[in-house]
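Subject: Structure for your review

Dear colleague,

Please find below the structure that I would like to hand over to you.

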Amino acid sequence: MTPHILTRSLDRAATAFVLIVAAVGVLIPLSNLLLPQGSMFQVPTYLVALWGKYVCYAILALSIDLIWGYCGILSLGHGAFFALGGYAMGMYLMRQIGSRGVYGNPVLPDFMVFLNWDKLPWYWYGFDKFAFAALMVLLVPGLLAFCFGWLAFRSRVTGVYLSIITQAMTYALLLAFFRNDFGFGGNNGLTDFKDILGFNVQAEGTRAALFLLSCLALIIAFLICRAIVTSKLGKVLIAVRDAESRTRFLGYRVESYKLFVFTLSACMAGVAGALYVPQVGIINPSEFAPGNSIEAVIWVAVGGRGTLVGAALGAVVVNYAKTFFTSGPLAPYWLFMLGALFILVTLLLPKGIVGTFNSWWETTKSRNGSPDADSAAREDGVGAPNPAE
Amino acid sequence: MFANCIDRFRALCLSILLLSCLAVPALASPFEDSVAKFANDEFSDTEAAIGEVAASGNALASPIISALQDGRLSADPDSKKVFVTQTDGKIVDATTGAAVDKVPDNAAAVRLNNRLRRTVEAALGGLTLLSPDPAKRLAAAQSVFKSHEENLLPTVEGALAKESVKPIKQAFAEARAAIILFKSDASDSDKLDAVAVVKARGDQEALALLTGLGDQPPLVAKAAASAVSSIQSNLAMWSMVQNAWYGLSLGSVLLLAAIGLAITFGVMGVINMAHGEMVMLGAYTTFVVQEVIRTRYPTLFDYSLLIAVPLAFLVAGFIGVLIERTIIRFLYGRPLETLLATWGLSLVLQQAVRTAFGPTNREVGNPSWMSGAFELGQITITYNRLWILCFTLAVFAILLAMLRYTALGLEMRAVTQNRRMAASMGIATSRVDALTFGLGSGIAGIAGVALSQIDNVSPNLGQSYIIDSFMVVVFGGVGNLWGTLVGAFTLGIANKFLEPVAGAVLGKIAILVLIILFIQKRPRGLFALKGRAVEA
Amino acid sequence: MNVMDTRATSAMLYLDGVHVSFDGFHAINNLSLTLAPGEMRAIIGPNGAGKTTMMDIITGKTKPDEGTVLFDGTVDLTRLDETRIAELGIGRKFQKPTVFESQTVQDNLLLALNVDHSVRGTLFWRGSKAESERIDKVLETIRLTDARNRLAGSLSHGQKQWLEIGMLLAQDPKVLLVDEPVAGMTDVETHLTAELLKEINKNHTIMVVEHDMTFVRELGVKVTCLHEGTVLAEGSIDQVSSNERVVEVYLGR
Amino acid sequence: MLTQLTHGIATMTRRRALAATAGLVLGLAASSPFAPAQAADDTIKVGILHSLSGTMAISETTLKDTILFLIDEQNKKGGVLGKKLEPVVVDPASNWPLFAEKARELITKDKVAVVFGCWTSVSRKSVLPVFKELNNILFYPVQYEGEESERNVFYTGAAPNQQAIPAVDYLMKEEKVKRWVLAGTDYVYPRTTNKILEAYLKSKGVAQDDIMINYTPFGHSDWQTIVADIKKFGSAGKKTAVVSTINGDANVPFYKELGNQGIKATDIPVVAFSVGEEELAGIDTKPLLGHLAAWNYFESIKIPANEKFIKEWQAYTKNPKRVTNDPMEAHYIGFNMWVKAVEKVKSTDPDKVIDALPGIEAPNLTGGTSKMLPNHHITKPVFIGEIKGNGQFDVVWKTPGLVAGDAWSKELEGSKDLIGDWVGKKCGNYNTKTNKCGGQGS
C-alpha cells in the first residue's frame, strides 16, 4: 500500500484512537508483568485475558462495520467467519498438544482417539505448522466469503434477503460443526490447548504477548479500514450503501465492490477469531450460533454504525456491560438490561454512541463558531449513514 | 384329544362364570394364597400370582387383574390382605369380594414393571376375550395376537365361532393364526393357512410375528419368508406415503410458525425477531388456561385448547400492539434497526417469562381428542398432527378471507401499498399499523397454542422457530401469503424425504444450503412480486 | 441493406418492437423509437405511459420480453447489465432526484467522473489536477461552486436536480436520459435548466422525459408522445399538441 | 467519560493526552468491577457457576438453588471451621467461553475456596484449564461420558459404568431385549456412551444388525420419522428397546411423539439417561407409563434421609411441588464431602483439600454412603426407575451394592488400560500396561 493512503487516513480522532489502543496494548501487559501483585495499578492476569477478548471482539466489530456501516451489507452470519478463523487456530493449537493429550497419542487429538479414529482426516494436514495455520486463518473465511458473496452479490441478493441467507449460512455451519462425524470435535469443540509457538498459552508472558498482538491487530485492522473508507473506494462503498442502483448507473460494478469488502471483512473476522481462541482457551460450534452474529451487529449499532471508532468502542462497552451484569446480585436480570440497552440505543441513539457524540460535537462547535466543524462531524471522512438503508 | 376336551370344558366354565358375573364366594384356599402373593412386593411373586389368579377361574380374577393393571390393587404387607379399589371408588377385599371401609394405612399399590405389565395384558386378554364389551374383545384379541399364549387357543376358537362383529372376528382369526404359528404340534397345512391370514394383515406387527417365528417346517418357513418379503415391499411403498404425510405435517408446523411473520415481516416489512416470543406467549397462555381448568373445572379439560386459542390471540395480539406503539412505530423505514430492537425485545420477553414461570418446561397436556393415532392403510396418523394440519389451513383461510373481505383487510392492503395515498383518503394509518402488527402477533400466539401440543413449553420455545420461520417467508416470497403456504409445505416435504436418506442433521443442512442457492436463483423468493413497485 | 437497417446503424438509440409486461400488465407495447446522434428528444405522455419503463429498458434495469434495443447502431443493450451500459456511455437522471445524500456535492461529482471504476482503481486513486479542474467546471455549470463542501442531502430539491444533472455531465456520456428534470422547480430554475440542457446538447445526445409543457416548448425540440406503452405521436411540439389523440389522452380538456 | 476523554484529547497536547489515557486505561481495567472484593475474613466463599439464562438455564438454575440451600443449611449448623459460608453466584449464560471467564473471575477476584458448577461437558472442558492454572476445586454434578480424571475436578455425577451399563444389563435380563436402538443427541456424551454400549453389547453377543444408532441435532423437535423408524426396527420379531441419550429439550417432543404413535413401554421400552424428575415435570406422563430411566437417585426413594431432604428443600424454595433429581443429589454428596474434607484438614487451601478428599465418605440420599475415589469419581448405587403417571419414578431394580465410578471406560480401545489415581500415582491417566503416566502413548 502506498504511503499516501496511510497519511490521508489519519486525522486527529483516528490518530487518537490508534494511540489509545497502542497505549492499552503496551501498558496493560507491562503493568501485569512488572508491577507487584496487589498494587493499585497492577492489572491481574485474568483481566488481561478478559480485555484481550474484548479487543478481539472489537476487531470483529470493525469488520462488520466496514460492510454494514459503509457498504450497507448487513451480515447476520459474521460470527461464522470469526469462528472459522478460530477453528483454524484451534486446529494448530490442537496439533501442538502432541503426545501431551490425555491419551498420549502423538498425532491424533483426544476426541479422535475417543471416537476410535485411526488416522488424521486430510483436512487436518498441515495444521501442525503455524505458517500454514495462519494462512488458513485468512484463507478459509476469505474463501467462504468469496464464494458466498460471488453467488449472492452477482444475483443481487440485497437487504433483508441477504441478511437472512447469511444467517442460514452460519446456522448450517453450526449444525455441521456440531456433528462429531465432521471431525472438529463436535459440541465440545477444540480445547485444552498447551502451547502456541512453543510458549505455554497459560503463562502470563504469553497472555501479555497475545494481548499486545491483539491490540496490534486491532490497530492494523483499523488502519486498513480507515485507508479504505477514506479512499475513493470508500466513497463508492457509501454510494452503494445509500443508492445502490444509482451507483450502478454511474458505471460502477457494484458486485465487485461488495465482494471485495465482504471478503476482506471476513478475513478480518477470521483473524479476530484466531486471536480470540488462544486467549479464551476454547473454540466450539456455539460461536456459529446466529444469536452471536446478531449480537456482534448490535455492538456496532451501539457504538455507532459508520464510524470505525464507534464499532470498536461498542464491542468493548457492550461486552464490559455483559461482564459486569452477569456477576453479583444483578445476574438474574442482566438479560433485561442487555435487551433494554439494544432497544433504547436503536430508539434513542440511532447513530450510536460515537455518532451521537459527533452530532453533539458538531452543534457545539458550530455554536462556538469554530472553523473546522466539518472535520469533527465527519470523523471518518463521511457523514453518518442514512438510517433508512 | 382328551386334554383338549378338558381345556374346552374349562374355558366354557370360565366363560359362563365371567358372563354371568356371579359373585361366587371363593372357597378354595389356593386362590387366597395366590392373591396373598401380591402382598409380597416381589416382582416374581406378583408374576406367579397373576398366573394363578388368571387360571383360577374365580369370578374375581378379572376385576383383580384389571385393578392391577390400572394401579387400583393395593396390598397390606403385614396382614397380606389385598384390596381392590373399584372404578366407582368402593373398596372390596380381593379374596372375598366383601366391601371394606378403607384400605389400611400401610397398604401400598401393587407395583408392576414392564414384564409384568405384559403378563397382565396377556392374562387380561385371556379373561376378556368373551367380554360383552366389543372394544374389550378387540383389545383382548390384539393382545392375544401379540402374546400368542398357546393355552388360549380353545378360548380364542370359541370366541371366534361366536363373534358376529366383522373386524373383531378378523382379529380373533388373526389371534388364532398367531397361536397356531407358534404351536409346535400344529399341522403344516394349519400353519400355512395361518401364514396366509397373518400375511393378509400386512402391518408391522404381522411382520414382527412372522420374522420372529423361529424353527418351522421347511414348507412353512418358505411361506413365511415369502410373506415377509411381500409385507416388506408393501410397507416400503407405504413408507413413501408416510414420508409425504410427515412432510405435510412438518410443513403445517412451519406454516403455522411463519404465518404471523408473513404478516408482520411479509406485509409490513418489519423484521420482528421477537416473533418467536409471541409464539411462546401463546404457548404459555395455553399453560395458564390449562392450570386454571385443572384446578377449577377439571371437566372442561378437553375444551382447554378451544378456550386458549382466542385468549392466546388476545394476549399475543395485545402485546403486539403494545410493541408496535412503543417501539416499532419509531422505526418504520429502518428494517434492519427494527431487527436489532426486536432482538433486544426477544431477550427481555424470554427472561421475563423465565422469571415469571421459571426456567423449566411447563406441562401442557393433550386433550383426549388430540391424543393417540389411527391407522390409515399402513401408516399411522396421529391426531395431534392431523388437527394441527387442519387448524393451520383454517387459520390460513381465515386470514386470507380477512385480508380480502373485511374493511380492516382492505385498509391494511391500502396502507402497505401506498401509505400516503391511504392517509390522504382518511385511513388512520397508525391505527392500521398497530392492528396489523397486532394481528400478526396474535396469529403467532395462536400458533403457540398448537405448538404447545407437540413441543416444549419453555422460555426457549420461540428461539427454535424463528430461523425456520424466516426461511419459510423468504423462500416463499415476501409479501405473498400463498408463497408462505407453498414455501412451508415444500420445505416440510423436502425435509422429510431427505431425512431418511441423509439423517436429520445433514438433511437440515442440505435444506439450508438449498435455500441459499435458491435465493441466488430467485432473489425475491418463490412468488416474487414483479414490476416497479418492488423497487420503491 | 434495407431502410430499417440503415436507420438502426446510424441511430444513437434504436428501439424496435419492444414489449414488456409485469404480471400481465403491458407496460411497453410494440414500442419503436429512434434517436439520432446529437439529437435532443422530449418524451411526453400521461402517467403509466411507459416513459420510465422505457428508460429502465435502455439502461438495462429491465429486460424486455421481446424487441430490439440497439446503442450506437451495433450494441445490443438487452444483453448487457446497468454497469456495462453506463460504461458504454449512457447516463441517466432519475425521476426522483437520486444523489448520494451523505456525501458532499464535490464527492458526488467525483464519483460520477468517468475514470477508472475498478476496485483497484478506486482504492489507489489519488486526485489529479485534470480531475479537479473538471469538477470545478461542472460545479460552475450547475451553479453549486459555493455548496461544494455541503452534504448533498442538505441541498434544496432544485439543487439536487441540478447536482444530478451535474453528475451526468461529469460522467460525460454519449447519451443522457433525463427523467423529469424540472419537477418541483421554480420558473426561474426551470428556465435555467432548459438553457443548461440546450448547452449540454451541443456535445451530447439527450432524451428528456417531462410533463411541464412550457419547459418542453422552451426546449424546442422534436417531441414523442407515449401512451399505453406505445408511440402515439411524434413531431414538433406544435404538431404533437394539436394531434387529436394526444389531446384526448394527455393534454385533455 | 467518553466526552471527557475525547474532549481532553482535542484540547490537550498529545503527550499529556497520552499520559492521561494511560492512567485512565489502567484505572478502568484494574478498577470496577474487578477490584478484589473486600473479602470478610469470617466467611468462606463458595462459587456457584451455573447458567441462569440461555438454553441451559432450564437445567442449571435448580442446581444453583440447591447449593444456596445447602449453604443455608450448613450455616444454620454453624458453618465450616467456625466461619459462615458465603455463596457467590455468577451467570455464565449458557455461553462456553463465558464459563471460563466467570470461573477466572470467581477464583481470582472473589477468591472462592471451591466452585460448584457446570452441566454440559463442553462447559466443564472450557473451565478446566482455568481450574488447573489457578489451582482451585470444581465439583461437577452431572452424569457424563467419562474419559477424564483431573486433579482439580471432582466428578459426583455418574460415569458411564454407573448408569449406562447397568441399565443395559437390566434390559437384557429383565426384559429379554435382543435388539437395540441407541438414540442420542449428536454430542460427545451420547457418542461416547453409545460407543461404550455398542462395544459392551457386542461383547454380549448382540449382532451388528440388531443395533441401530441414530443421532439428532440439539433441540430436535420433529420426531415423526425417527419414531417411525424405531417402530419399524422393532418389528423384526425380537424384543427391542431404545437406549436414549437424547438431551434436554428434545425429550419432550420425543416422548409426546412416542405416546401419540402408540409405542408403549410394554412393546418397546425406552431407557433414558438424561430424563429425570425435572424433565418429566414438563410432560403429561400418563402415556409414558413404564418407560425407564437409569439414575443414581430418584425422588421417590423412600428413606428418611431423602424424605427429610425433600421436605427441607420444598420449605426452602417455598414450593411444595418442587421436585428433586439426581444432579441435585450429586451436589448434596459433593458439598458434604467438601465440608468434611475442609474440616479434616482444618483449612480451605485447595491443595490440602484436594489431597484430603479421596477417601472421604458422605451419606447419599438413597440410604448408602458414597466414597470419593482416588480417580476423583465417587461410588454410587444404580437404580432403574419406571415412569409413573404422576411424573415420578418407581424403582424397579437396583444394583446390589455401590458401583465405583470408572474415569476411563474398559470398553473403549483408547482407554482400557488407563486409570486415574491421584493418591498413589498422582496421575489422571496412568497406563497400567506401560506403568507410565500420560495416556496411551504409541
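The contact between chains B and D draws on 46 residues of chain B and 43 residues of chain D, where two residues are in contact if their C-beta atoms, placed from the backbone, lie within 7 Å. On the side of chain B that touches chain D, the elements giving two or more residues are α5 (114-128), α10 (204-211), α11 (218-267), α14 (335-357), β7 (379-382), α20 (481-502) and α21 (504-521) of chain B. Helices (H or I, at least four residues) and strands (E, at least two) are DSSP runs, numbered from the N terminus. The most is given by α10(B), with six residues. By type, the residues on this side of chain B divide into 12 nonpolar, 21 polar and 13 charged. In this division Ala, Val, Leu, Ile, Met, Phe, Trp, Tyr, Cys and Pro count as nonpolar, Asp, Glu, Lys and Arg as charged, and the others, Gly among them, as polar.

The model is predicted, so local features need pLDDT of at least 70 and side-chain atom pairs count only at pLDDT 80 or more, while totals for chains, interfaces and linings use all residues. Residues are numbered from 1 along each chain as its sequence is written, and chains are lettered from A and ligands numbered from 1 in the order in which they are written.

Chain D also touches chain A. Among the five pairs of chains that touch, chains A and D have the most contacts between them. Here 52 residues come from chain A and 52 residues from chain D. The elements of chain A that give two or more residues to the side touching chain D are α2 (12-34), α3 (45-68), α5 (110-114), α7 (159-178), α14 (334-348) and α15 (352-367). Of these, α2(A) gives the most, with eight residues. This side of chain A divides into 31 nonpolar, 19 polar and two charged residues. Chains C and D, by contrast, are joined by no contact, and their closest C-alpha atoms lie 23 Å apart.

I turn now to chain D itself. It has 13 helices and 19 strands. Its radius of gyration is 24 Å, close to the 22 Å that the globule rule gives for 442 residues, so chain D is as compact as a globular protein of that length. The radius is taken over C-alpha atoms, and the globule rule is 2.2 Å times the number of residues to the power 0.38. The C-alpha trace of chain D spans about 85 × 55 × 50 Å along its principal axes. Of its 442 residues, 62% count as buried; a residue is buried if 20 or more other C-beta atoms lie within 10 Å of its own, exposed if 12 or fewer, and partly exposed in between, with C-beta atoms placed from the backbone.

Chain D contains an open sheet of five strands in the order β2-β1-β3-β4-β5, with parallel pairing. Two strands pair if DSSP finds at least two bridges between them. At the edges stand β2 (84-90) and β5 (153-155) of chain D, each with a single partner strand, so one side of each is left without a neighbour in the sheet. Three bridges join β4 (residues 138-140) of chain D to β5(D) in parallel, and D:Tyr140 has D:Tyr155 as its bridge partner in β5(D). Helix α4 (residues 96-109) of chain D lies across β1 (43-49), β2 and β3 (114-117) of chain D, and runs at about 180° to β1(D). Axes are lines fitted to C-alpha atoms, for helices over the stretch in contact, and angles run from 0 to 180 degrees between N-to-C directions.

In chain A, helices α8 (residues 204-230) and α11 (residues 254-280) pack at an angle of about 170°, with their axes 10 Å apart. The residues of this contact divide into eight nonpolar, two polar and no charged.

Finally, two residues other than glycine have a positive phi. B:His148, with phi of about 30°, lies in the loop between α6 (134-147) and α7 (153-162) of chain B, and is buried, with 21 other C-beta atoms within 10 Å. D:Lys318, with phi near 55°, is in the loop between α11 (304-316) and α12 (326-345) of chain D, and counts as exposed, with 7 C-beta neighbours inside 10 Å.

Yours sincerely
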